[in-house]
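Me: Please go through this model by question and answer, with the cut-offs stated.

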Amino acid sequence: MPRPVSIQLYSLRDLAGKEGLPKVLKLVADIGYAGIEFAGYGGMKAAELKKVVDDLGLQISGSHTAAFDAAKADEVIADAKALGLKAVGSGFGPKDFETEDQIKACADRVNKAIEKLGAAGLKVYYHNHWWEWDKPNKGDLLFKLCPRLYAQFDIYWVQTAGADPAQTIAKYAERTLLIHVKDGPCDKDKAMTAVGKGKVRTKEALQAADKSKAEWYIVELDRCDTDMVQAVKDSYSFLTQNKLATGKK
């Protein structure tokens, strides 16, 4: 069954910086997206944002936060409660995955975060880029060392790294909470395209995700050579018209 489609608001960060997050949220709702995923709160209080989101009939699929920063755990929990979140996520940088010892150090931080945030009723998910899957066992090691960690697989970065998104999702079907959907040339140094206009095997990946625990499919375009708003609209159209995801229109 197709999952509802959300958008990671990082995609529209430039527009939010010019016009404010509330206007961006209205744009997203008008396009037809069912939900949004936060990456920062645009200088607004979480409770204020929750009211805007509710008034627009949107849902919150998650939030990228400082989930693995022990010093910010209480802040993350407070914001999550104000937003009504069930899950929060984060990731690490390429230098954190250069050696096995570094990955083990990351795993230790993740497990401590899961213990703290889990006690507050939050699931914790990991958002990958290319550096977790460019060599065998890097991403697998993290998930092995963190048995309570959920996955938010970014199918573009998995494929860009040389791995197969559908196989990766299928392998972690029981732990796949969310899916990031993006498209493009699968070249880490080049900009992305609207979903459906690049090289990503989107249909195969989402068919695998359909058999997983994934709750949302989330469009995220880190950067795009074409107009970003149009790319966000085109991505929504591709996913909903091909019955890969459901929206509000």
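**Cysteines, helices and strands**

Cys106 is buried, with a relative accessible area of 3%; buried means under 20% relative accessible area, exposed over 50% and partly exposed in between (1.4 Å probe, protein chains only). This is a predicted model, in which local features need pLDDT of at least 70 and side-chain atom pairs pLDDT 80 or more, while totals for chains, interfaces and linings use all residues. Residues are numbered from 1 along each chain as its sequence is written, and side-chain values use heavy atoms, without hydrogens and water.

Me: How many disulfides does the structure hold?

Reply: A disulfide is a pair of cysteine sulfur atoms within 2.5 Å. For Cys106, the nearest cysteine sulfur is that of Cys146, 8.9 Å away. For Cys186, the nearest is that of Cys224, 14 Å away. The number of disulfides in the structure is zero.

Me: At what angle do helix α5 and helix α6 pack?

Reply: Helices (H or I, at least four residues) and strands (E, at least two) are DSSP runs, numbered from the N terminus. Axes are lines fitted to C-alpha atoms, for helices over the stretch in contact (heavy atoms within 4.5 Å), and angles run from 0 to 180 degrees between N-to-C directions. The axes of α5 (residues 100-119) and α6 (residues 138-145) are 9 Å apart, and the angle is about 35°.

Me: Which residue in β3 is the bridge partner of Phe38?

Reply: Strands pair if DSSP finds at least two bridges between them. Four bridges join β2 to β3 (residues 59-63), and these strands run parallel. In β3, the partner of Phe38 is Ser63.
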